[in-house]
Amino acid sequence: MAALLLSSAAIVAPACAQPQSTRQTTAEPRATIDLSTGWRFHSGDADAGPAAPSFDDAAWQPVSVPHTWNKVGTYAVTRAADADMRQGLGWYRRSLTVPAALNGRRLFLEFDGVSKIADVWVNGTHVGRHAGAFARFRIDVTGALKPGANSLAVRADNSASAPGSSTEHVIPLGGDFFVQGGIYRGVRLVAVEDAHIDLADHGGPGVYLHTPKVSAERAEVAAKTLLRNLGTRARTLTLTTTIQDATGKPVATDRVPAALAPGQALAVERGLTLASPHLWQGRADPYLYRVVSELRDGARVIDRQVQPLGIRSFAFDPNRGLILNGKPTPLHGVSRHQDVGGKGWALTPEDHARDMALALELGANTIRHAHYQHAQEWTDEADKAGMVVWAELPFVHEANVEPSLPPAPETIANAEEQLRELIHQNYNHPSILLWSVGNEADIGAAIDAMRKGSGKPAQSRSMLERLDRLARAEDPSRLTVYADCCEDTPSILSMQGAPSLNGVTQVMGLNRYYGWYYGDLDGVGPALDALHAKHPALPIGLSEWGAGGAMTQHSDNPRGGPVAAYGRPQPEEYQSLAIEENWKQIRARPYLSASWLWNLFDFATTMRNEGDATDINTKGLVSYDRKTRKDAFYFLQASWSDAPVLHLNGRRYVDRAYAVTDVRGYSNADRVSLSVNGKPVGEVACPDRICVWPGVALAPGANHLVATANIGGKQVTDALDWNAPNPRKGVFIDSGALVGGTMGGDRYGSDDFFRGGTAKVLAGRSPFAPPPKVEGTDSPALFGSYREGKFGYDIPLPDGSWTVNIASFEPDAAKGAARSFAVLADGKRVIEAFSPLQAAGGVNKAVTRSFQVKSSGGRLVLAFEPVGGDAVVAGIAIRPN
Ligand code: GCB
């Protein structure tokens with residue numbers, strides 16, 4: 001809406017605005033002066049009263065807004081040297097020249113977002129404070145500004161929310177994202193007449209539109225316009241409301257007299273009717289009308305507001321999902337956080353447009369705003385794109401900075417005001433169908449209890465209920481939703497006895513990470529079925545699902561390791577597998593109204609140091625800088641989009657560990673052909689959009705792989721280049737590991753070529769505790785994971801004579817005494833009964849066994865057979881004799 005508001009404005013800021021030019025078109029009723037340039041910035045508090053007009057800011061840094069002082073998140077296992085994680089105060093100053101043409105007007109400073117608390121001074125006078133990082137706010141500065149030059153100072157405060165801190169009662173109090181500081185969205189001065197369309201309504205536009213009755217023949221449009229007269233004389237005015245079609249042609253008009261006494265605020269409620277309305281039908285047809293509201297004094301327009309209007313009806317059915325304008329509309333999409341690598345939260349309209357273009361390219365038709373109010377520019381994009389939007393209040397993880405305590409009244413009041421702002425400011429976006437009043441509001445107490453070993457259940461319920469009631473009262477035309485973390489999951493957090501908050505809101509959102517934080521890769525379907533049966537009257541949305549995808553960690557077989565969460569390696573191939581498997585379950589459940597993959601983009605969070613990144617959550621389909629689409633992006637694109645998709649996986653896994661590997665890709669073609677170095681490998685079908693060429697032999701050194709397909713009569717290709725090792729120099733397998741590595745001078749690949757057994761990692765006593773270290777080896781990393789049970793390996797190996805070295809150890813004191821196993825090579829027993837505990841003389845001590853083999857037929861088959869207990873293998877090295 002900001003864009004629309006600005007388009008009606010006439011005073012435009014010059015490129016360098018200190019002092020700004022005073023160009024003005026007096027014909028425009030509502031004038032704005034853009035204040036994005038000419039600021040000086042100082043990080044931290046400043047001693048000598050920077051609010052004072054006489055303060056000398058010459059030494060401060062010249063900046064323009066949007067601006068943030070933070071720089072968080074890097075794809076490296078250590079923090080970047082130029083990372084800036086400061087949480088606290090940041091000062092901004094600039095001068096502001098009020099042109100003479102604005103004499104007699106009411107003047108408002110309008111901020112689109114200052115994080116997390118803003119204090120504003122004009123000419124040394126404190127004119128206002130706003131607590132909340134995500135909403136627009138306006139301050140009436142008519143009395144504080146004088147004609148000519150003025151000084152403007154803003155103090156932004158993103159102090160961490162801790163007991164006794166300035167942000168103790170300003171939500172969010174927790175969460176897996178970094179709250180960046182600064183004036184990170186637009187700022188302007190707005191000038192109106194004394195009598196105007198209200199600017200003091202929780203930052204909202206003052207015009208509120210909805211469509212109570214919609215059919216193909218007729219739509220009723222309800223328009224509520226808030227008028228205010230701040231002047232001292234009574235006014236007899238007219239309010240005209242005009243609906244324009246997408247070409248700008250008026251299609252319905254309403255005119256009503258509006259008498260405003262001095263100081264009076266008036267809500268004018270009118271109904272307009274449209275015959276044969278063109279409906280807003282999501283991505284299929286996101287048709288937008290505009291509503292122009294004009295306040296006139298006789299023939300003179302004294303204020304004008306322009307708002308988008310999408311005409312649609314909708315319902316969420318517990319069994320059939322979203323019904324949009326009478327049509328069942330299955331929703332599949334993504335969540336989005338608002339930060340971008342290199343820019344943080346300080347985004348331009350172009351950044352928002354590029355992000356939306358990526359969501360469209362993916363084939364998403366719904367977006368969840370994680371976990372707070374997003375910029376107007378972004379939500380305007382969503383309206384135009386036809387995305388269905390879940391908009392969210394930042395009530396995340398806890399209701400009190402001491403998670404086991406009930407919410408403080410100040411926190412509830414702040415959350416209620418942020419909710420009013422969210423709803424009022426976004427009311428006219430047709431894309432928004434759901435107001436989320438929270439995300440995992442009970443999890444902070446569960447984590448706290450887990451860390452301390454005891455604790456009270458979360459006390460967020462009463463606050464969630466209040467917020468839900470408020471949202472329903474503020475906007476009965478939409479539905480409320482909440483994202484639950486844990487009900488009936490095998491998550492360690494649900495074990496902490498947190499009572500479920502499901503059933504408070506009208507739609508039940510479920511954040512579920514099967515095959516990642518807990519459970520099996522195919523666990524999500526049965527879990528959703530059970531919750532659907534338990535809450536039959538509630539429509540369900542899968543509000544989060546996904547897995548981490550580190551772009552520099554790779555696996556030849558992502559089934560070769562256990563669930564990768566909690567800081568362990570998270571190769572890109574595991575993310576792909578988790579998304580493939582979860583999606584099979586999700587798409588088979590038509591009762592699910594929607595699913596939102598977590599997340600469209602990698603994002604900054606100082607809670608994490610995992611995968612190949614520091615301060616980044618790697619669950620994005622696209623990298624933090626938006627430059628790299630991970631493999632999983634193409635799987636979902638092939639599943640969701642109508643565009644031809646053909647993608648070979650593994651672009652970032654160039655230096656391969658094995659000379660023989662499965663080649664995988666994603667396509668919506670019926671069949672796809674592969675060639676390696678110009679030689680055809682074969683044509684395969686791609687069931688579920690997944691194309692697999694098993695056991696492809698690569699040439700030592702460079703390999704050029706080309707996939708081709710015909711999709712809808714169009715020839716499509718994709719190609720990539722890999723380097724393969726020479727298998728005659730040896731094969732090295734890191735058993736039970738999702739990611740290999742170079743150990744003792746040898747390049748080990750991830751676990752592969754195995755049959756049976758279970759992959760395990762050496763775990764600490766809690767997800768937060770470090771794992772034990774295995775002694776007696778130069779390569780402890782090789783022992784960080786292992787394969788256990790009765791299992792075998794069928795290893796592609798050139799014919800010849802080899803020495804095989806098996807690395808083992810005893811990970812478990814309780815099982816050690818009974819454990820012994822035999823090793824067979826090509827069916828022959830080469831080791832009779834091997835006890836790692838006996839051989840090593842203790843638990844977590846490395847031990848190896850070697851034997852000679854002659855391979856034939858291009859493979860070596862190894863079997864590990866329990867004699868007592870389970871076999872344990874940490875690594876296999878095969879070297880030529
Ligand atoms: C969640 C949270 C989200 C986290 C995500 C994760 O359940 O709602 O804020 O970022 O999981 O990646 O763990």
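Q: How far apart are the end C-alpha atoms of residues 660-716, and how much of the span is helix or strand?
A: The end C-alpha atoms of residues 660-716 lie 26 Å apart, and the span is 0% helix and 75% strand. Helices (H or I, at least four residues) and strands (E, at least two) are DSSP runs, numbered from the N terminus. This is a predicted model: local features need pLDDT of at least 70, side-chain atom pairs count only at pLDDT 80 or more, and totals for chains, interfaces and linings use all residues. Residues are numbered from 1 along each chain as its sequence is written.

Q: Which UniProt annotation covers residues 660-716?
A: The unreviewed UniProt entry annotates them as "domain: DUF4982"; such annotations may be inferred rather than shown by experiment.

Q: Turning to the helices, at what angle do α8 and α9 pack?
A: Helix α8 (residues 572-587) and helix α9 (residues 631-640) pack at about 25°, with axes 8 Å apart. Axes are lines fitted to C-alpha atoms over the stretch in contact, and angles run from 0 to 180 degrees between N-to-C directions. The two helices, α8 and α9, are therefore roughly parallel (angles under 35 degrees).

Q: Which residues of α8 and α9 make the contact?
A: From α8 they include Ile579 and Trp583, and from α9 they include Phe635 and Leu636; contact means C-beta atoms, placed from the backbone, within 7 Å.

Q: And which residues are around the ligand?
A: Among them are Asp176, His371, Glu440, Glu544 and Trp598, where near means a C-beta atom, placed from the backbone, within 6 Å.

Methods: Angles under 35 degrees count as roughly parallel, over 145 as roughly antiparallel, 65 to 115 as roughly perpendicular and the rest as oblique. Two residues are in contact if their C-beta atoms, placed from the backbone, lie within 7 Å.
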